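Could you walk me through this model in my viewer, one selection at a time? I am new to this, so please tell me what to pick next and what is there.

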Amino acid sequence: MTAAGLGLWAAITIAVAGPATSPEYLPLYVAQSEGYFAQEKVDVTLTTERSESEAALAMARGRADIAATSLDAAYRVGHVKGALPPLLFGLTAAPPVAILVSPAHKETIRSPRDLRGQTVGVPGVGTPEQAMLATVLIRAGVKIHHVPLRSFSNRSLVGALGQGEVAAAVMGDPWVTRLVDEGAASMLVDLRTRSDAARWLGAETVHAALFLRADAAVGEQDLVGLAKALLRAAARVGEAPAETLAAGLPAPVIGQPGDFTLRVAGARQSYLPRGRVTEDMLKASLAQARERAEMPAALKLPWFRWSPLLLTGPLERATAAGEPPPR
């Protein structure tokens, strides 16, 4: 019988925002496939949910101890009677997406301000792409209702952009890299690196992270083990060839092998160094979320101190312990 079977290992369920191919959450799947959770004696179950909101809801309703989702979703729907889930481990500064311009509009759209009155395509309502478009427009002084939006599947959006059916589109990889390299679209705003995201969003931010349910009964040492595993996984995602990473991952996470390579390359500079999120990053990210739409009135938001929303102890202990040698 395994140690887990004897009940000696902590059992933690993590609801992961989908789709499974989303590169923001790749470190979790790598930690699972490489056995890093098991090596830290933490029995982790990953459940892939359809969206960021679905992952946050799974946490709020007690189906998961932790949600790997966006800060926006974690706060809007992941709270427990207004009590917010503390952030345990940061994943990405922003969604690794970009705003591309159709060849038919490349001479007239040279800044986000030029999107006023132009139709922009997004891969679905309520997606990270739509959220980032809204924040970029707000910073450019453009009201979101002055920019007509159309929703497409990713493949249909590629066609609509190429045919000039939309003037611009918000997309992630592999589409961004392929379209730009082929000259089928031009780059307007690139959020795929931390530095570019800070430039366009106006501050260092956090998008995807791990949040602990407000009433979850997970021990401190178990959270330290979880953080250690994620630190190792994040380092591996940042350094290992995509083909090596893909070798042990589930097929739904990989998708098409060629697409996987481009997604990994496009997202590598969006990950937060060693999972660290500061109070300033949290405050700026929440302010942007509130600019896009008001938060529920039931939320117990802090007035002055933001540190209670950051569960820094486990990550600090995991970082201080260093990474164990490969096994």
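Start by selecting helices H5 (residues 128-139) and H8 (194-201), which are oblique to each other. Their axes come within 9 Å and cross at roughly 50°. Angles under 35 degrees count as roughly parallel, over 145 as roughly antiparallel, 65 to 115 as roughly perpendicular and the rest as oblique. Axes here are lines fitted to C-alpha atoms, for helices over the stretch in contact, and angles run from 0 to 180 degrees between N-to-C directions. Helices (H or I, at least four residues) and strands (E, at least two) are DSSP runs, numbered from the N terminus.

Now show the side chains where the two helices touch. Met-132, Thr-135, Val-136 and Arg-139 of H5 meet Arg-199, Trp-200 and Leu-201 of H8, with contact meaning heavy atoms within 4.5 Å.

A word on the model itself: it is predicted, so local features need pLDDT of at least 70 and side-chain atom pairs count only at pLDDT 80 or more, while totals for chains, interfaces and linings use all residues. Residues are numbered from 1 along each chain as its sequence is written, and side-chain values use heavy atoms, leaving out hydrogens and water.

Next come the salt bridges (a side-chain nitrogen of Lys or Arg within 4 Å of a carboxyl oxygen of Asp or Glu). The whole structure has 12 of them.

Select Glu-34 and Arg-236, whose side chains meet in a salt bridge at 3.3 Å, N to O. Glu-34 lies in the loop between helix H1 (26-33) and helix H2 (36-39), and Arg-236 in helix H9 (residues 220-239), so this pair ties together parts that are 202 residues apart in sequence. Glu-34 is partly exposed, at 26% relative accessible area. Buried means under 20% relative accessible area, exposed over 50%, and partly exposed in between (1.4 Å probe, protein chains only).

Move on to Asp-72 and Arg-292, a salt bridge with its closest N and O atoms 2.9 Å apart. Asp-72 sits in helix H4 (residues 71-77) and Arg-292 in helix H13 (residues 279-292), 220 residues apart. Asp-72 is buried at 15%, whereas Arg-292 is partly exposed at 23%.

Finish with Asp-65, Arg-213 and Asp-215, which are linked in a network of salt bridges.
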